[in-house]
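This briefing covers a structure by topic. The sequence and the model are shown first.

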Amino acid sequence: MQRTELREHVFKMLFQIEFNEPDDMPEHIKLYFEDLERATDQDRKYIQTKYEKIVERLPEIDTLINEKTTGWKTKRMNKVDLSILRLAVYEMKWDEDIPIGVAINEAVELAKRFSGEDGPSFVNGVLARLAGGKTKPKKEEA
């Protein structure tokens, strides 16, 4: 799978946490993967690892989102947009393989596919405020 498709699966798994108890998520993930017939073992590992890393940082990610939104705190936010923002914020702040611009563009594309009419501009606006012209430090050469 290409990274865009992998990202979409991570988004779909993140979306599920809004409607399921944390203790039930391992079973939901297992069922989700059963339906991913085209996914290789490497694809499944990428999706699950990224999902788990995002879930570990949810309080921190939500704080960052709440700092950049006015009148739309995470508790009131459209759950599709919230899941997209969580994924993008993680990629922007902690995924060294994803440039900030790519994270924002991919988030907007997800919003175009899965959110409402105002979703893409909302997602873009929040992420643009979060980026604030900053870039991530480059990976150190080993």
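Where is the place of P22? P22 sits in the loop between helix 1 and helix 2; helices here are DSSP runs of H or I with at least four residues, and strands are E runs of at least two, numbered from the N terminus. The model is predicted, so local features need pLDDT of at least 70 and side-chain atom pairs count only at pLDDT 80 or more, while totals for chains, interfaces and linings use all residues. Residues are numbered from 1 along each chain as its sequence is written, and side-chain values use heavy atoms, with hydrogens and water left out.

**Exposed prolines**

- P22 has 62% relative accessibility and therefore counts as exposed; exposed means over 50% relative accessible area, buried under 20%, and partly exposed in between, with a 1.4 Å probe and protein chains only.
- From P22 to T69 the C-alpha to C-alpha separation is 26 Å, and the two are 47 residues apart in sequence.
- P26 belongs to helix 2, and its relative accessible area of 54% makes P26 exposed.
- Between P26 and I84 lie 21 Å from C-alpha to C-alpha, with the two residues 58 apart along the chain.

**Nonpolar core**

- The largest nonpolar core has 42 residues, among which I54, I84, M92 and L127 touch the most other members. A nonpolar core is a set of buried Ala, Val, Leu, Ile, Met, Phe, Trp, Tyr and Cys residues joined through side-chain atoms within 4.5 Å.
- At least two residues of this core come from each of helix 1 (3-16), helix 2 (25-34), helix 3 (41-56), helix 4 (58-67), helix 5 (79-94), helix 6 (100-114) and helix 7 (119-131).
- Helix 5 is the biggest contributor to this core, giving nine residues.
- As background, nonpolar side chains tend to be buried together in soluble globular proteins.

**Salt bridges**

- The whole structure contains twelve salt bridges, each being a side-chain nitrogen of Lys or Arg within 4 Å of a carboxyl oxygen of Asp or Glu.
- One of them joins E106 and R7, with 3.3 Å from N to O. E106 is in helix 6 and R7 in helix 1, so this pair ties together parts 99 residues apart in sequence. Both E106 and R7 are buried.
- Another pairs E8 with R113, whose closest N and O atoms are 2.3 Å apart. Because E8 is in helix 1 and R113 in helix 6, the pair ties together parts 105 residues apart in sequence.
- E8 is buried at 12% relative accessibility, whereas R113 is exposed at 55%.
- K50 and D95 also form a salt bridge, with 3.1 Å between the closest N and O atoms. K50 is in helix 3 and D95 in the loop between helix 5 and helix 6, so that distant parts of the chain, 45 residues apart, are linked.
- K50 is buried at 5% relative accessibility, and D95 is buried at 10%.
- A network of salt bridges links R7, K50, E91, D95 and E106.

**Helix packing**

- Helix 6 and helix 7 have axes that come within 8 Å and cross at roughly 160°. Axes are lines fitted to C-alpha atoms, for helices over the stretch in contact, and angles between N-to-C directions run from 0 to 180 degrees.
- Helix 6 is therefore roughly antiparallel to helix 7. Angles over 145 degrees count as roughly antiparallel, under 35 as roughly parallel, 65 to 115 as roughly perpendicular and the rest as oblique.
- The crossing of helix 6 and helix 7 is right-handed; in a right-handed crossing the near helix is turned clockwise from the far one by less than a right angle, and in a left-handed one anticlockwise.
- In helix 6, I100, I104, A107, V108, A111 and K112 meet G119, P120, V123, N124, L127 and A131 of helix 7; contact means heavy atoms within 4.5 Å.
- The axes of helix 1 and helix 5 come within 9 Å and cross at roughly 125°, which means that helix 1 is oblique to helix 5.
- This crossing of helix 1 and helix 5 is right-handed too. R7, V10, F11, L14 and F15 of helix 1 make the contact with K79, V80, S83, I84, L87 and E91 of helix 5.

**D62**

- D62 is in helix 4 and is buried at 14% relative accessibility.
- Beyond its neighbours within four places in sequence, D62 contacts T74, L82 and R86.
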